[in-house]
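Colleague: I would like to go through this structure with you, beginning with a single residue and then moving on to sheets, helices and charged pairs. Please show it first.

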Amino acid sequence: MKLTSYLQWQKLQHPVLNDHQTELWLRYAPGNNPDISGNKILKLKYQLELALQQKSQGLLTFGGAFSNHLVAAAAVAAENKLQSVGIVRGEEVDLNNPTLALCRSYGMQLIRVSRAFYRTRHQQETLQQLSEQFPGYLHIPEGGTCEAAVQGVSELGMCTTPAGPASLLICAVGSGGTVAGLIRGSKTTPVVGIAVVQDQSLPEKIRAFLPADRNWPEWQLIQALHQPRYGRFDPQLWQFCQSFAEQDVQLEPVYTGKALYSVFELIKAGIIPKGSRLSFFHTGGLQGLKGLAYRGLIPTTESRPIKSAISPTTDSGL
Ligand SMILES: Cc1ncc(COP(=O)(O)O)c(C=O)c1O
């Protein structure tokens, strides 16, 4: 997989940044295919390499009804002439929603399973059963997070912006693999992860990717400050996302938009000090916008009102 060389960095403009003498650089990882851009291209890079090396039949992975990861895995498999199977959480899930329809358009076979079965996805017995059903498939965990994914993200290069060294690296956190990669890829620049899920075990999951025998840069997890529950957002957050459109910056409100909103709150509160130069990883996930519009959670056109409180859906992602 090649990273294209255009638009790897973009300096964000905003009055809050001017007022607080803060620079904010968006770091992109654009792939040739937008469905595999952002953290996905990096998280899947070595897993794809392994699948090709061991001549796997295909990729088998797991995700929710609107999972960005499922789409990326389906797209990566199709581009590399591999089969793909997606184990989808929830027997009732609509296979015609834009995310799953996109997966199917890449040839992914989708298997809807009960939530009870889905919870056993890490268990040896379940994995064995899936291996028997789909022999020769490489298993990729939910969200793509594993050692190979962390290694892939660590190679992004977030520490030096076009204006010079960053003082802080920042990204949205779901399963923790991406932020672990940023920490691993930084020698001394501190890292802040903005958790968009509520998961008490996240620090432990991240630490598991950072062996104790090395000194890691300082890092911290902060719960998203506004609408902290996964998949929840309100008109204010959605408007914030849209306010960058004129700079050609597209944000979705579940991961990148929510994390960036928190960054602005931290800047305004003086927690991120004046004079900072921030390097923020734009992790992609823009296919998710179609799923939000499909559910009526964002307007498809400016004229449609948006629901004021988004119903939670633990099914939205990962
Ligand atoms: C667009 C987007 N950003 C950020 C994340 C969080 O990445 P991670 O699960 O590695 O913490 C995800 C997760 O799946 C995502 O889809």
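Colleague: Is Trp-219 buried, partly exposed or exposed?
Modeller: The model is a predicted one. Trp-219 has a relative accessible area of 25%. Buried means under 20% and exposed means over 50%, so Trp-219 counts as partly exposed.

Colleague: Which residues is Trp-219 in contact with, leaving aside its neighbours within four places in sequence?
Modeller: Trp-219 belongs to strand S11. Cys-103 is 35 Å from Trp-219 in space, C-alpha to C-alpha, and 116 residues from it in sequence. With neighbours within four places set aside, the contacts of Trp-219 are Ile-183, Val-191, Pro-203, Ile-206, Arg-207 and Leu-210.

Colleague: Which strands stand at the edges of the open sheet of six strands?
Modeller: The order of the strands in this open sheet is S1-S2-S12-S9-S10-S11, with mixed pairing. Each edge strand has a single partner strand, so one side of each is left without a neighbour in the sheet. On average, neighbouring strands of the sheet are turned by 25° against each other, direction ignored. The strands at the edges are S1 (9-11) and S11 (219-223).

Colleague: What is the bridge partner of Gln-10 in S2?
Modeller: Strands of a sheet pair through backbone hydrogen bonds, either parallel or antiparallel. S1 and strand S2 (residues 23-27) run antiparallel and are joined by three bridges. In S2, the residue bridged to Gln-10 is Leu-26.

Colleague: At about what angle does helix H8 run to S9?
Modeller: Helix H8 covers residues 177-185 and lies across S9 (168-173), S10 (191-195), S11 and S12 (277-281). Its angle to S9 is about 165°.

Colleague: How are helices H10 and H11 oriented to each other, roughly parallel or roughly perpendicular?
Modeller: Two packed helices are described by the angle between their axes and the distance between the axes. For H10 (residues 235-242) and H11 (residues 256-268), the axes are 10 Å apart and the angle is about 90°. Angles of 65 to 115 degrees count as roughly perpendicular. The two helices, H10 and H11, are therefore roughly perpendicular.

Colleague: How many nonpolar residues does the contact of H10 with H11 have?
Modeller: From H10, Gln-236, Leu-237, Phe-240 and Cys-241 take part, and they meet Gly-257, Lys-258, Leu-260, Tyr-261 and Phe-264 in H11. Two residues of this contact are polar and one is charged. The number of nonpolar residues is six.

Colleague: How many residues apart are Glu-23 and Arg-277?
Modeller: The whole structure has eight salt bridges. In one of them the side chains of Glu-23 and Arg-277 meet, at 3.0 Å from N to O. Glu-23 lies in strand S2 and Arg-277 in strand S12, and the pair links distant parts of the chain, 254 residues apart.

Colleague: How far apart are the closest N and O atoms of Asp-199 and Lys-205?
Modeller: Asp-199 is partly exposed, with 23% relative accessibility. Lys-205 is likewise partly exposed, at 39%. These two residues form a salt bridge whose closest N and O atoms are separated by 2.7 Å.

Definitions and conventions: Residues are numbered from 1 along each chain as its sequence is written. This is a predicted model: local features need pLDDT of at least 70, side-chain atom pairs count only at pLDDT 80 or more; totals for chains, interfaces and linings use all residues. Side-chain values use heavy atoms; hydrogens and water are left out. Axes are lines fitted to C-alpha atoms, for helices over the stretch in contact, and angles run from 0 to 180 degrees between N-to-C directions. Helices (H or I, at least four residues) and strands (E, at least two) are DSSP runs, numbered from the N terminus. Angles under 35 degrees count as roughly parallel, over 145 as roughly antiparallel, 65 to 115 as roughly perpendicular and the rest as oblique. Contact means heavy atoms within 4.5 Å. Ala, Val, Leu, Ile, Met, Phe, Trp, Tyr, Cys and Pro count as nonpolar, Asp, Glu, Lys and Arg as charged, and the others, Gly among them, as polar. Two strands pair if DSSP finds at least two bridges between them. A salt bridge is a side-chain nitrogen of Lys or Arg within 4 Å of a carboxyl oxygen of Asp or Glu. Buried means under 20% relative accessible area, exposed over 50%, partly exposed in between (1.4 Å probe, protein chains only).
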